[in-house]
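Here is a short briefing on one structure.

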Amino acid sequence: MSQQQSMTARTGRDKQRYSESGERLVAGVVPLSADKTRVLLIQSSRRTAWVLPKGGWETDEATAADAAKREAWEEAGIHCVVTRDLGKILDTRGPKEVSSSAPKALYQFYQVRVEKEETEWPEKHKRGRQWMSYRDAKEKLKGRPELVQALERSEIVK
């Protein structure tokens with residue numbers, strides 16, 4: 001991604017991609033430090049939990065990797081390089097946890113190397129970010145099995 005990125009985060013789902021079976025296609029990153037000993041987590045938009053940067057893959061983005069890098073910029077304020085495709089991860093939420101505003105998702109995660117952290121980014125006003133060890137990150141993500149699975153697939157030092 002270029003260093004000339006928008007300071008406005010995308011909102012809404014009018015350009016959202018869906019799979020043939022109706023799952024919302026979501027792209028995300030596992031941002032690792034250069035030595036792979038730490039991962040960068042962000043606060044959820046309501047600041048109630050820690051998560052990995054992720055969001056919808058939109059119709060104007062050529063690849064899921066492009067969407068993942070955009071989400072990394074908007075949510076975490078990082079410039080990153082994809083170093084590994086971590087594959088697809090199925091949404092494990094049960095029927096009672098799925099709704100029209102939170103449909104089933106199919107996640108595509110990428111391991112990325114953080115090249116630069118900016119001091120200002122589109123969602124800074126609603127998300128903090130923090131570098132964590134594998135153990136601490138796994139504990140913070142324990143309520144989100146799809147995020148733990150992405151972390152486990154990465155090359156973070158365990």
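Val-26 is buried, at a relative accessible area of 4% (buried means under 20%, exposed over 50%, partly exposed in between, with a 1.4 Å probe and protein chains only). This is a predicted model, in which local features need pLDDT of at least 70, side-chain atom pairs count only at pLDDT 80 or more, and totals for chains, interfaces and linings use all residues. Residues are numbered from 1 along each chain as its sequence is written, and side-chain values use heavy atoms, leaving out hydrogens and water.

**Val-26 and its surroundings**
- Val-26 sits in strand 1, residues 24–32 (strands are DSSP runs of E, at least two residues; helices are runs of H or I, at least four; both are numbered from the N terminus).
- Beyond its neighbours within four places in sequence, Val-26 has contacts that include Lys-54, Trp-57, Ala-105 and Tyr-107 (contact means heavy atoms within 4.5 Å).
- Val-26 and Tyr-107 are 81 residues apart in sequence, yet their C-alpha atoms are 4.8 Å apart.

**Helix 1**
- Helix 1 covers residues 64–76, and its 13 residues should span 18 Å at 1.5 Å a residue (the expected span is 1.5 Å times one less than the number of residues).
- Its end C-alpha atoms are 17 Å apart, which agrees.
- Twelve of the 13 residues are buried, so helix 1 is largely enclosed by the rest of the structure.

**Aromatic pair**
- The structure holds one aromatic pair (ring centres of Phe, Tyr or Trp, the last by its six-membered ring, within 6.5 Å; planes under 30 degrees apart are stacked, over 60 edge-to-face, the rest tilted).
- Tyr-107 and Phe-109 have ring centres 6.1 Å apart and planes at 25°, so the pair is stacked.
- Tyr-107 is buried at 6% relative accessibility, and Phe-109 is buried at 0%.

**Salt bridges**
- The count is 15 salt bridges (a side-chain nitrogen of Lys or Arg within 4 Å of a carboxyl oxygen of Asp or Glu).
- Asp-91 bridges to Arg-93, with the closest N and O atoms 2.7 Å apart.
- Asp-91 is buried at 9%, whereas Arg-93 is partly exposed at 22%.
- Glu-152 and Lys-138 form a salt bridge at 3.1 Å, N to O.
- Glu-152 lies in helix 3 (residues 145–153) and Lys-138 in helix 2 (residues 134–140), so the pair ties together parts 14 residues apart in sequence.
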